[in-house]
Amino acid sequence: MKIRTKGAILILASTFLASPVFAASREENAAAKIVGEENAILTDAPNVPPVIKRKNATKVIVHLEVKELEGRLADGVSYTFWTFGGKVPGKFIRVREGDLVEMHLDNHPDNKMPHNIDLHAVNGPGGGAAASLTAPGHTSVFSFKATNPGLYVYHCATAPVAMHVANGMYGLILVEPKEGLPKVDREYYVMQSDFYTKGSNGEKGLQPFSMTKAIDERPDYVVFNGAVGSTSGDKALTGNVGETVRLYVGDGGPNMTSSFHVIGQIFDTVWPEGNMSTQTHNVQTTMIPAGGSAIADFKLSVPGAFIIVDHSLTRAFNRGALAQLKVSGPENKIVYSGKTNDLVYLPEGAGARVADQPGRAAPAARDKAERIKAGEGVFANNCAACHQPAGQGVPDAFPPLAQSDYLKGGKAHAINAVTGGLTGKVTINGQNFDGVMPAWDLPDEDIANVLTYVYNSWGNSGEDVTPDEVKASRTKAN
Ligand code: HEC
Ligand SMILES: [Cu+2]
């Protein structure tokens with residue numbers, strides 16, 4: 001018995017020693033001497049304020065201006081956002097452990113609502129909310145000591161709290177440890193959140209907030225940095241081969257957790273939950289709670305477009321939770337060969353093109369209008385995830401179907417792409433794509449419908465595609 005107890009104590013002691021120990025205690029940071037003062041440098045996502053080089057604690061003055069303003073949530077969809085600093089997510093705040101933070105919350109006179117701020121970095125009632133309830137045209141001031149290092153969420157906590165958060169009122173504050181974090185080449189700020197609109201995903205116009213959907217936790221949009229496509233195309237994050245990138249990731253919610261993942265990258269180091277005392281390594285997907293955070297570092301080994309997702313995948317491909325990191329530089333064929341060979345694989349009895357399966361067909365459309373209407377549904381269920389709800393595509397990943405010159409190349413071409421799939425390099429409207437579109441195992445009727453819909457949308461040429469034409473394409477290809 002005695003020996004066993006001793007062993008257990010030994011194991012306990014050694015695990016305790018093996019984990020990194022906090023540099024300073026909460027008490028030490030509370031007592032840290034304040035020398036001088038400075039105004040915080042605040043940044044909008046995806047930018048992060050510069051690393052803190054100071055060796056002492058100081059007074060940091062932070063001015064956050066709350067603005068209620070209309071902005072873009074998705075293409076053709078706008079929303080009245082409530083913001084900390086004019087953007088969603090709110091300004092990134094960076095301080096050092098031991099600092100005294102003087103918060104000024106300015107509620108712009110044009111605003112309609114009172115607001116406040118709850119910073120998870122605060123030890124105090126409501127995380128500051130109790131001291132910062134501010135009417136439009138007023139400013140509240142309070143201060144707190146940054147006693148615990150970490151990456152913290154801040155948000156509005158004015159009732160109804162979920163509504164203020166759902167409208168965009170969240171951001172991140174980094175309380176940098178005294179000893180700093182390991183040096184990296186680039187730091188970015190990425191924050192996921194969920195939006196609830198009266199109309200469903202993609203419905204155009206100014207969309208009011210839906211409390212019913214928020215309560216039911218049925219978001220119409222799940223996005224990074226405040227809007228669908230906020231961080232892709234020419235607004236993608238960038239990096240070069242050989243550099244190390246650090247992502248400060250937050251989840252504003254109000255409801256959804258994030259299974260945060262970068263397709264084609266492994267996180268070399270993660271500080272889970274933004275907790276500076278723990279590092280884990282070689283992580284594929286890190287879980288970020290609503291109202292929580294994580295820090296992820298990874299080295300860029302090869303060039304390419306890397307897609308950042310919530311790996312709850314319909315959120316990524318159907319609700320907007322997609323961002324991009326574009327990496328330039330020389331290939332490294334040892335780390336990643338790229339496709340080395342492409343051979344035809346035809347198991348016995350298989351046709352290259354999946355044959356129509358009778359009995360599954362949608363009811364036959366009686367006219368073009370019915371075909372377009374039915375095709376809209378087929379598109380939403382099968383194609384919008386990649387080609388996007390308005391057919392605009394995703395730069396470097398999925399080509400546009402809107403005004404696509406590929407479609408202008410003729411119906412047979414388009415039908416073949418859908419029934420047989422498409423791989424290899426293609427150039428669509430002057431942009432290169434090298435992806436894979438699967439062959440669609442859909443009935444002829446559905447393919448005729450979806451292509452007629454595509455041809456009759458977004459300024460395309462208005463052709464009518466019939467099930468017979470689809471059928472003919474299949475037999476020819478076999
Ligand atoms: C998983 C993502 C994905 C889905 C879902 C998808 N596609 Fe594609 N599609 C692609 C990619 C990638 C290409 C380009 C392939 C390449 O680079 O060779 C493409 C190319 C095309 C093209 C030719 C290029 C162009 O822009 O005109 C057509 C037409 C097309 N898709 C139609 C559809 C239709 C219709 C559906 C739904 C039935 C669909 N796609 C679903 C990924 C997808
Ligand atoms: Cu608010």
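1. Let's start with strand 15, which covers residues 258–262 and is mostly covered, with four of its five residues buried. Here, buried means that 20 or more other C-beta atoms lie within 10 Å of a residue's own, exposed means 12 or fewer, and partly exposed is in between, with C-beta atoms placed from the backbone. Helices (H or I, at least four residues) and strands (E, at least two) are DSSP runs numbered from the N terminus.

2. A word on the model before going further. This is a predicted model, in which local features need pLDDT of at least 70, side-chain atom pairs count only at pLDDT 80 or more, and totals for chains, interfaces and linings use all residues. Residues are numbered from 1 along each chain as its sequence is written, while chains are lettered from A and ligands numbered from 1 in the order in which they are written.

3. Back to strand 15 and its partners. Two strands are said to pair if DSSP finds at least two bridges between them. Strand 15 pairs with strand 18 (residues 285–288) in the antiparallel sense over four bridges, and three bridges join strand 15 to strand 20 (residues 304–310), also antiparallel. His-261 has a bridge partner in each: Thr-285 in strand 18 and Val-309 in strand 20.

4. Now the overall picture. The chain holds 12 helices and 23 strands, and its C-alpha trace spans about 80 × 60 × 50 Å along the principal axes. Of its 478 residues, 41% are buried. Residues count as in contact if their C-beta atoms, placed from the backbone, lie within 7 Å. Among contacts with a separation of 6 or more, 71% link residues 24 or more positions apart.

5. How is the chain divided? There is a domain 1 (23–176), a domain 2 (186–328) and a domain 3 (368–477), with bounds that come from an automatic or database domain assignment. The C-alpha centres of domain 1 and domain 2 are 20 Å apart. Their contact involves 32 residues from domain 1 and 36 residues from domain 2.

6. Which elements form the domain 1 side of that contact? Strand 2 (57–74), strand 3 (77–84), strand 8, helix 4 (161–166) and strand 9 each give at least two residues to the side that touches domain 2. Strand 8 has the largest share, five residues. By class, this side has 21 nonpolar, eight polar and three charged residues. For these classes, Ala, Val, Leu, Ile, Met, Phe, Trp, Tyr, Cys and Pro count as nonpolar, Asp, Glu, Lys and Arg as charged, and the others, Gly among them, as polar.

7. Tyr-154 stands opposite Gly-171 in strand 9 and is the bridge partner of Leu-119. His-155 is the bridge partner of Asp-118.

8. What surrounds ligand 1? The shell has 28 residues, the closest being Cys-383, Cys-386, Tyr-406, Gly-435 and Met-437; a residue belongs to such surroundings if its C-beta atom, placed from the backbone, lies within 6 Å of the molecule. Helix 8 (384–387), helix 9 (405–408), helix 10 (411–420), strand 22 (422–428), strand 23 (431–437) and helix 11 (444–455) each supply at least two shell residues. The shell divides into 21 nonpolar, six polar and one charged.

9. In helix 10, Ala-414, Ile-415, Val-418 and Thr-419 are buried. Seen down the helix axis, the buried residues fall within an arc of 125 degrees, so they line one face of helix 10; the arc is that of the directions from the helix axis to the C-beta atoms. Gly-421 follows helix 10, with a positive phi near 80 degrees. Lys-408 is found in helix 9 and counts as partly exposed because it has 14 C-beta neighbours inside 10 Å.

Key:
Two residues are in contact if their C-beta atoms, placed from the backbone, lie within 7 Å.
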